[in-house]
Amino acid sequence: MVREIQTLLLSHKHIHLRWLKAHVGYLGNECADQLAKEAITKGDPFLLPKPLSCLKAEIKSAALSIWQDNWDNGETGRSIHDVVPRASNKPVGWNREEIMFFTGHGPFPSIPSSLQSSNT
């Protein structure tokens, strides 16, 4: 459909596309808006019910909600959950040493058994 429109525009040099401010009374623009609304209500399969940016935002929000639920109810990472309770796709700004410390994954020596209290 896009290629067809491009071909028509190239073959009709007198047609120019320009940006118009919406909803300020341009008759042609108001008519185009009305036709677009009618096409959406008729369920035209080529038109999305929402702009792609809205759909992306809704998918991102749903994914973050699922992630948060898994983070809250998961069995792993509980010590980190206490420090970072909210799931986020934004970096936390931790350095390598902080990550190793909080996750317990790093070159940390264990406490010798002779220093551990024996309560068994």
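Modeller: The chain exposes about 11100 Å², and carbon and sulfur atoms supply 61% of that. Accessible areas here come from the Shrake-Rupley method with a 1.4 Å probe, and for residues only the protein chains shown count as cover. Keep in mind that this is a predicted model: local features need pLDDT of at least 70, side-chain atom pairs count only at pLDDT 80 or more, and totals for chains, interfaces and linings use all residues. Residues are numbered from 1 along each chain as its sequence is written, and side-chain values use heavy atoms, leaving out hydrogens and water.

Biologist: Why is Cys31 called partly exposed?

Modeller: Buried means under 20% relative accessible area, exposed means over 50%, and partly exposed is in between (1.4 Å probe, protein chains only). Cys31 has 43% relative accessibility, so it counts as partly exposed. Cys54 is partly exposed too, because its relative accessible area is 35%.

Biologist: How many disulfides does the structure hold?

Modeller: It holds 0 disulfides. To count, a pair of cysteine sulfur atoms has to be within 2.5 Å.

Biologist: What makes Tyr26 partly exposed?

Modeller: Its relative accessible area is 43%, so Tyr26 is partly exposed. Tyr26 is found in the loop between helix H1 (2-11) and helix H2 (27-41).

Biologist: And which elements does the chain have?

Modeller: There are 5 helices and 0 strands. Both are DSSP runs, numbered from the N terminus: helices are H or I with at least four residues, strands are E with at least two.

Biologist: What share of the chain is buried?

Modeller: Buried residues make up 7% of its 120 residues.
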